[in-house]
Amino acid sequence: MAFYFAPESWKGLGIGSRIKGAAAGSVIGEFGDSYFFNYYNLSASAKYYAISKSFNKGWYVRANAGFGQLTTKRANEKTDTYVHQFAIGSTYTGGIGYTVPFQKTALSLEVEAETSSRSGTVNGVGDVTITNGQIGMNLIWSF
């Protein structure tokens with residue numbers, strides 16, 4: 001989910017904020033354990049329609065910089081033990097896409113790449129830095 005401020009005088013540039021997240025509820029595994037996961041990032045965002053010079057119309061590039069967290073927990077209910085991981089840190093995302101405008105809405109297809117580096121703790125291990133990345137595709141409805 002994102003919002004942008006994009007006055008016409010900025011000629012295709014919009015600045016705003018974006019939040020992205022995922023979560024999985026408790027899943028019971030084969031060995032009597034359950035697993036929980038959540039992840040999010042909140043970032044400042046800039047989106048620029050360089051060719052059309054009109055926000056929400058045509059080709060664009062997007063850049064985000066912000067922070068995010070990652071939490072996982074694996075619980076073994078038979079032994080009443082769990083392994084917990086928590087980390088917080090920076091996230092950077094870039095994307096390129098194309099937007100088709102309609103009367104009051106728009107539809108975009110975008111490819112994005114993300115990299116994150118988070119520091120935190122893992123039960124039985126101690127302090128760690130978790131670095132990860134992803135490449136994805138987004139279908140975005142703007143209104």
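Analyst: Before we start, a contact here means heavy atoms within 4.5 Å. The model is predicted, with local features needing pLDDT of at least 70, side-chain atom pairs counting only at pLDDT 80 or more, and totals for chains, interfaces and linings using all residues.

User: What does A65 touch?

Analyst: Leaving aside residues up to four places away in sequence, A65 touches S43, A44, T91 and Y92. A65 sits in strand β4.

User: Why is A65 called partly exposed?

Analyst: Its relative accessible area is 38%. Buried means under 20%, exposed means over 50%, and partly exposed is in between (1.4 Å probe, protein chains only), so A65 lands in the middle class. Across the protein, 30% of the 143 residues count as buried.

User: How many helices and strands are there?

Analyst: Zero helices and seven strands. Those are DSSP runs numbered from the N terminus: helices are H or I with at least four residues, strands are E with at least two. Read from the N terminus, the order is β-β-β-β-β-β-β.

User: What makes β2 and β3 a pair?

Analyst: Two strands pair if DSSP finds at least two bridges between them. β2 and β3 (residues 33-48) have 14 bridges, in the antiparallel sense, so they pass. Look at G16, whose bridge partner in β3 is S45, and at G21, which stands opposite Y40.

User: How do you know that β3 pairs with β4?

Analyst: The count again: 16 bridges join β3 to β4 (residues 58-76), and the cut-off is at least two, so this is a pair. The two run antiparallel, with N41 opposite G68 in β4.

User: And what makes β1 a partner of β2?

Analyst: Four bridges, with the strands running antiparallel. A2 stands opposite R18 in β2.

User: Which radius of gyration does the protein have, and which would a compact globule have?

Analyst: The protein has 19 Å, but a compact globule of 143 residues would be near 15 Å. The value is taken over C-alpha atoms, and the globule rule is 2.2 Å times the number of residues to the power 0.38. Along the principal axes, the C-alpha atoms fill a box of roughly 60 × 30 × 20 Å.

User: How much space lies in the largest pocket?

Analyst: About 630 Å³. It has 25 lining residues, and the closest to its centre are A2, I140, W141, S142 and F143. A pocket is an open set of points on a 1 Å grid over the protein atoms alone, reached by a 1.4 Å probe, with protein on both sides within 12 Å along at least five of seven lines; a lining residue has an atom within 4 Å of a point. The volume is the space filled by probe spheres set on the points, which are joined across faces, edges and corners.

User: Which element gives the most to that lining?

Analyst: β7, with four residues. The elements giving two or more are β1 (2-5), β2 (13-28), β6 (106-122) and β7 (126-142).

User: What lines the second largest pocket?

Analyst: A6, P7, E8, K11, G12, K53, S54, F55 and N56. The space there is about 160 Å³.

Key:
Residues are numbered from 1 along each chain as its sequence is written. Side-chain values use heavy atoms; hydrogens and water are left out.
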